[in-house]
Amino acid sequence: MSQLTIADKTFNSRLFTGTGKYANSAVMAESIKASGSELVTMALKRVDVNDNQDDILAPLVDAGLNLLPNTSGARNAEEAVFAAQLAREALQTNWLKLEIHPDPKYLLPDPIETLKAAEKLVELGFVVLPYVHADPVLCKRLEEVGCAAVMPLGAPIGTNKGLATHEFLQIIIEQARVPVVVDAGIGAPSHAAWAMELGADAVLVNTAMAVAGDPIAMSRAFAQAVEAGRTAFEAGLGAQRQSAEASSPLTSFLDGL
Amino acid sequence: MNQIEFNDQGLSWPADKSLAELVAEQQSNTQGIAVVVNGEIVPQSAWNERCLSDGDKVKVFRAIAGG
């Protein structure tokens, strides 16, 4: 499996992971380790007075992971730009998962605000990875304003429904000149493998690992699936056909018995 | 003593004590946080130099788990 380069970083693993929804930080850290992931997302929140919760940052930093803060909670471009600056200050990285989803039911990203914010954040020196609907036109526009990658969704966040958008993911992958990271909706290793077979450069998985019966084993399964899918893509999948084509030579050796 | 707001709660704070001291007193873990005073982000490198005026509003943001 080849390495993946996004902006100034090169990754051996094409599986990016989230840190949310784990039972505790120890399971999270073990699970991320089992996944082999080298890039993990984080969110931000306003703290309460004397708010001393489970420290999740220390184990991530100790493990040498690259951090990808998100702008979750931002409802428009202005809020996202501010959240990005907070994230840069808090985590000392200019990498950013730009996400603007004002509707809490489906958490679908707002394309107009996302494009506006992306343009501004690129100007401000961020490495912008925008979370977007699987819209090939929007992905091109984001690429043109300088995003380092695009992160189209497979299905709404946390639904585990897989690649509901696969037809459009294929168009995005075909057209993109920046890496394509399929984000959201990937609920099973088979979904991740499929995304990689389609030619996605990476996938981002959180819920499916964190809420599994055994998150550590599930993370390992995702790592295997991503590697298998990518290896298959690089090997070159056989074309699909409508009618059968024999794998065994069709000779007439049984004729005339 | 100045009256300031820290994360939306009123607080008396000496005029000669720095933002760094305020943060250290209020947060046991200062890793992964960003501090905003009156709507503007104050970089960690400037916390030692920054004192607080009457009416200043300080908000702290922390990196947490997320997808």
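The crossing of helix α4 of chain A with helix α5 of chain A is right-handed. The model in which this crossing is seen is a predicted one. Helix α4(A) covers residues 111–123 and helix α5(A) covers residues 136–144, and their axes come within 9 Å of each other. The angle at which the two axes cross is roughly 15°. Angles under 35 degrees count as roughly parallel, and α4(A) and α5(A) are therefore roughly parallel to each other. On the side of α4(A), the contact is made by A:Pro111, A:Leu115 and A:Ala118. On the side of α5(A), A:Leu138, A:Arg141 and A:Leu142 take part. Sorted by class, the residues of this contact are five nonpolar and one charged, with no polar residue.

Helix α7(A), residues 189–197, and helix α9(A), residues 215–235, have axes that come within 7 Å. These axes cross at roughly 25°, and α7(A) and α9(A) are therefore roughly parallel to each other. The crossing in which α7(A) passes α9(A) is right-handed. Among the residues of α7(A) in this contact are A:Pro189, A:Trp194 and A:Met196. The residues they and their neighbours in the contact meet in α9(A) include A:Phe222, A:Val226, A:Arg230 and A:Phe233. By class, the contact of α7(A) with α9(A) has 13 nonpolar, three polar and two charged residues.

The strands come next. In general, strands of a sheet pair through backbone hydrogen bonds, and the pairing is either parallel or antiparallel. In chain A, three strands form an open sheet in the order β6-β7-β8, with parallel pairing. Strands β6 (95–98) and β8 (151–152) of chain A stand at the edges of this sheet. Each of these edge strands has a single partner strand, so one side of each is left without a neighbour in the sheet. Between β6(A) and β7(A), which covers residues 127–132, the parallel pairing runs over four bridges. As a point of reference along this pair, A:Lys97 stands opposite A:Leu129 in β7(A).

With strand β1 of chain B, residues 2–6, β5(B) runs parallel, and two bridges join them. Here the bridge partner of B:Glu5 is B:Lys57 in β5(B). With strand β3 of chain B, residues 33–37, β5(B) pairs in the antiparallel sense over five bridges. In this pairing B:Val35 stands opposite B:Val60 of β5(B). A further pairing reaches into the other chain: strand β4 of chain A, residues 39–46, is joined to β5(B) by five bridges, and the two strands run antiparallel. A:Leu44 is the residue that stands opposite B:Ala63 in β5(B).

That last pairing leads to the contact between the chains. On the chain B side, 21 residues are in contact with 31 residues of chain A. Strands β3 and β5 of chain B each supply at least two residues of the side of chain B that touches chain A. The most is given by β5(B), with seven residues. The side of chain B that touches chain A divides into 10 nonpolar, nine polar and two charged residues.

Two loop residues of chain A remain to be described. Most residues other than glycine have a negative phi. A:Gln92 has a phi near 55°, a positive value in a residue other than glycine. A:Gln92 lies in the loop between α3 (77–91) and β6 of chain A. A residue counts as exposed if 12 or fewer other C-beta atoms lie within 10 Å of its own; A:Gln92 has 10 of them within 10 Å and is therefore exposed.

A:Asn160 also has a positive phi, of about 60°, although it is not a glycine. This residue is found in the loop between β8 and α6 (166–175) of chain A. Is A:Asn160 exposed or partly exposed? With 15 C-beta neighbours inside 10 Å, A:Asn160 counts as partly exposed.

Methods: Residues numbered from 1 in each chain as written. Chains lettered and ligands numbered in written order. Predicted model: local features only at pLDDT ≥ 70, side-chain atom pairs only at ≥ 80, totals over all residues. Axes fitted to C-alpha atoms, helices over the stretch in contact; angles between N-to-C directions. Parallel < 35°, antiparallel > 145°, perpendicular 65-115°, else oblique. Left-handed = near helix turned anticlockwise from the far one by under 90°. Contact = placed C-beta atoms within 7 Å. Nonpolar A, V, L, I, M, F, W, Y, C, P; charged D, E, K, R; others polar. Pairing = 2+ DSSP bridges. Buried ≥ 20, exposed ≤ 12 C-beta atoms within 10 Å, placed from the backbone.
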